[in-house]
Amino acid sequence: MAKENKGIIIGTERAYRSSRLSFSVSSVPSAVGAQATQAAERESSCVAKGSTLNRRYAALYVSKHIFSLGEEVDDEIVGHVYLFLKEQLEISKMPPLSGVLHGTIIDQFIACGKSRDMAHELASIIWLAVIDNLEENEQTFDLLKRLASEGDVILPFPYSRSYKIQSRVFERLFTDFRDCLNHVEYCDLLACAKQKFQPIPSAWLGY
């Protein structure tokens, strides 16, 4: 994702979280561009005050700027799940274990009529998008370290997290946050990564 689009998404999420009862067209960053702004203004009459409509608008807005899943997938559901997961990881002082969150997401998609395969695929896509869009700050650094150190729990499909999700957590730690790791932390994380992935990407090596 381009940095500009990433900034748009983060700005929109901040606006939504800061005032769930006042999220409206005025909350959308100007960087979206004239065309998107005009489209939002045309919909403004439908975005009345009220948490339900505001959350629906936020979910649709975010999903349209992150995901391209085709007509067979309800963008609003994907947007709601994305916001839920990001809120749980960023706002909660003690987020639930990732396995619990993953299972909750899977159950939600199945309850909405998705197959087990589709639920697993959508959950994985949303996890990757959330991890990619976490801001580079100390809170994210601590969160990623916690996710990386969680023990593997053997769960039946589709409740097991995909290889890509776990790999992306380590990728961000060893690239975006490499300078934040002390030597002991780096060695511990690398040892953990070697137990999960073979071969280890060269970009992760070297302290």
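A residue counts as buried here when its relative accessible area is under 20%, as exposed when that area is over 50%, and as partly exposed in between (1.4 Å probe, protein chains only). With a relative accessibility of 3%, Phe177 therefore lands among the buried residues.

Some housekeeping before going on. What you have is a predicted model, in which local features need pLDDT of at least 70 and side-chain atom pairs count only at pLDDT 80 or more, while totals for chains, interfaces and linings use all residues. Residues are numbered from 1 along each chain as its sequence is written, and side-chain values use heavy atoms, with hydrogens and water left out.

**The chain as a whole**

Helices (H or I, at least four residues) and strands (E, at least two) are DSSP runs, numbered from the N terminus. By that count the chain has 9 helices and 0 strands, so its pattern along the sequence reads α-α-α-α-α-α-α-α-α. Of its 207 residues, 44% are buried. The accessible surface (Shrake-Rupley method, 1.4 Å probe; for residues, only the protein chains shown count as cover) is about 11,100 Å², and carbon and sulfur atoms own 54% of that. Contact means heavy atoms within 4.5 Å. Take the contacts in the chain with a separation of 6 or more: 67% of them are between residues 24 or more positions apart.

**Phe177 and its surroundings**

Back to Phe177, which sits in the loop between H8 and helix H9 (183-196). Setting aside neighbours within four places in sequence, Phe177 touches Glu135, Glu136, Asn137, Thr140, Phe141, Leu144 and Arg172. Phe141 is 36 residues away from Phe177 along the chain, yet their C-alpha atoms are separated by 6.9 Å.

| Pair | Separation in sequence | C-alpha to C-alpha distance |
|---|---|---|
| Phe177 and Phe141 | 36 residues | 6.9 Å |
| Ile165 and Ala129 | 36 residues | 9.7 Å |
| Ala59 and Gly79 | 20 residues | 4.0 Å |
| Gln108 and Ala119 | 11 residues | 8.4 Å |

Ile165 belongs to helix H8 and is buried, its relative accessible area being 0%. Beyond four places in sequence, Ile165 is in contact with His102, Ser124, Trp127, Leu128 and Ile131. Ala59, in helix H3 (residues 51-66), is buried too, at 0% relative accessibility. Gln108 lies in helix H5 and is partly exposed, with a relative accessible area of 40%.

**Helix H5**

The buried residues of H5 are Ser98, Leu101, His102, Gly103, Ile105, Ile106 and Phe109. One of them, His102, is a contact of Ile165. Just after H5, Gly113 has a positive phi of about 95 degrees.

**Two cis bonds**

Most residues other than glycine have a negative phi, and most peptide bonds are trans. Phe157 and Pro158 are joined by a cis peptide bond with an omega of about 10 degrees, and Pro158 is in the loop between H7 and H8. Gln198 and Pro199 are also joined in cis, with an omega of about 0 degrees; Pro199 is in the segment after H9.

**The cavity**

On a 1 Å grid over the protein atoms alone, a cavity is a set of points where a 1.4 Å probe fits but cannot get out, and its lining residues have an atom within 4 Å of a point. Grid points are joined across faces, edges and corners, and the volume is the space filled by probe spheres set on the points. The structure holds 1 cavity of 30 Å³ or more, and the largest cavity has about 50 Å³ of space. Which residues line the largest cavity? They are Leu147, Ala148, Glu150, Asp152, Arg161, Gln166, Val169, Phe170 and Lys196. Helix H7 (138-149) and helix H8 (163-175) are the elements that give two or more residues to this lining, with H8 supplying the largest share, 3 residues. By type, the lining has 4 nonpolar residues (Ala, Val, Leu, Ile, Met, Phe, Trp, Tyr, Cys and Pro), 4 charged (Asp, Glu, Lys and Arg) and 1 polar (the others, Gly among them).

Technical notes:
1 Å grid on protein atoms, 1.4 Å probe; cavity = no way out; pocket = protein on both sides within 12 Å on 5 of 7 lines; lining within 4 Å.
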